[in-house]
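This report walks through one protein chain, from its overall fold down to single residues. Please keep the sequence and the 3D view at hand.

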Amino acid sequence: DFPTYRAFYDAATGDSADYGGPRSEKEAWRKLAADIGHWHLRGYGMFSIVRRDDAAVLGGCGLCWPEGWPSHELTWWLLGEGRGAGYATEASRAVIGWAYADLGWSRVETHMRDENGAARRLAKRLGGSVDRRETFPDGRTRDVFVLPEPASEKEAAA
């Protein structure tokens, strides 16, 4: 997955502006290593978002809880070519369902910078509502959205 991380954090693409980028190639490598390590330390983490028709890795979606942050969260990121096609919505619903059903979480949260309009729209599309406003260790104050458990396919069909 490193080529996708490298491309995402490359300054030329501008894809990572809302995610602490751009980052150097070494920093992108460390971000990938941290995402892999998160699985071992917390028991959950990021999944790759892979396009079905050609197996291209377009980004990531998963659950994280950076050390020192107030809570865990759903997070996602996509290369520009993957945006607007519903990948983040589909992946997020799957991860939220996994958190509730398999991890037994009683709530799933997400938060983003105020200026990240695309992430705010996705949180609302997922049925999220603002639970609180909180100041994070990076000094930024963010809305914290609570995301409901997705309806099962059976419930959605009814």
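## Burial and the model

A residue counts as buried when its relative accessible area is under 20%, as exposed when that area is over 50%, and as partly exposed in between. By that cut-off H111, at 8% relative accessibility, is buried. The model discussed here is predicted.

Across the protein chain, buried residues make up 41% of the 158 residues.

## Overall fold

The protein chain holds 5 helices and 6 strands. Their order along the sequence is α-α-β-β-β-α-β-α-β-β-α. The radius of gyration is 15 Å, close to the 15 Å that the globule rule gives for 158 residues, so the chain is as compact as a globular protein of that length. Along the principal axes, the C-alpha atoms fill a box of roughly 45 × 40 × 30 Å.

Take the contacts between residues at least 6 apart in sequence. Of these, 51% join residues at least 24 apart.

## Surface and charge

The accessible surface of the protein chain is about 8700 Å². Carbon and sulfur atoms account for 51% of that surface.

The charged side chains number 21 positive and 24 negative. The centres of the two sets lie 3 Å apart.

Helix α1 spans residues 2–9. Its buried residues are F2, T4, Y5, F8 and Y9. Seen down the axis of α1, these residues fall within an arc of 160°, so they line one face of the helix. The cover over them includes α2, β2 and β3.

Between α1 and α2 (25–42) runs a loop that contains P22. The peptide bond from G21 to P22 is cis, with omega near 0°. Most peptide bonds are trans.

## A55, a positive phi

A55 sits in the loop between β1 (46–50) and β2 (57–64). Its phi is near 60°, a positive value in a residue other than glycine. Most residues other than glycine have a negative phi.

Is A55 buried or exposed? Its relative accessibility is 52%, so A55 counts as exposed.

W65 lies in the loop between β2 and β3. With a relative accessible area of 28%, W65 is partly exposed.

Which residues does W65 contact, leaving aside neighbours within four places in sequence? They are H38, R42, Y44, P70, S71 and H72. One of them, Y44, is 21 residues from W65 in sequence. The C-alpha atoms of W65 and Y44 are 9.2 Å apart.

## E73 and H111

E73 belongs to strand β3, and H111 belongs to strand β4. E73 has a relative accessible area of 9% and is buried. H111 is buried too, at 8% relative accessibility.

The two residues touch each other: H111 is among the contacts of E73. Not counting residues up to four places away in sequence, E73 also touches G62, L63, C64, E109 and T110.

## Helix α4

Helix α4 covers residues 117–125. A119, R120, L122 and A123 are its buried residues. Viewed down the axis of α4, they fall within an arc of 160°, so they line one face of the helix. R121, K124 and R125 are exposed on the other side of α4.

What do the buried residues of α4 pack against? Their partners are β3 (73–78), α3 (87–101), β4 (108–112) and β6 (141–147). G127 follows α4 and has a positive phi, near 90°.

Definitions and conventions
Residues numbered from 1 in each chain as written. Predicted model: local features only at pLDDT ≥ 70, side-chain atom pairs only at ≥ 80, totals over all residues. Heavy atoms only, no water. Helix = DSSP H or I, 4+ residues; strand = E, 2+ residues; numbered from the N terminus. Rg over C-alpha atoms; globule rule 2.2 N^0.38 Å. Buried < 20%, exposed > 50% of the residue type's maximum accessible area, 1.4 Å probe, protein only. Contact = heavy atoms within 4.5 Å. Areas by Shrake-Rupley, 256 points an atom, 1.4 Å probe, with all protein chains shown as cover. Lys, Arg positive; Asp, Glu negative; His and termini not counted. Charge placed at Lys NZ, Arg CZ, Asp CG, Glu CD. Arc of directions from axis to C-beta.
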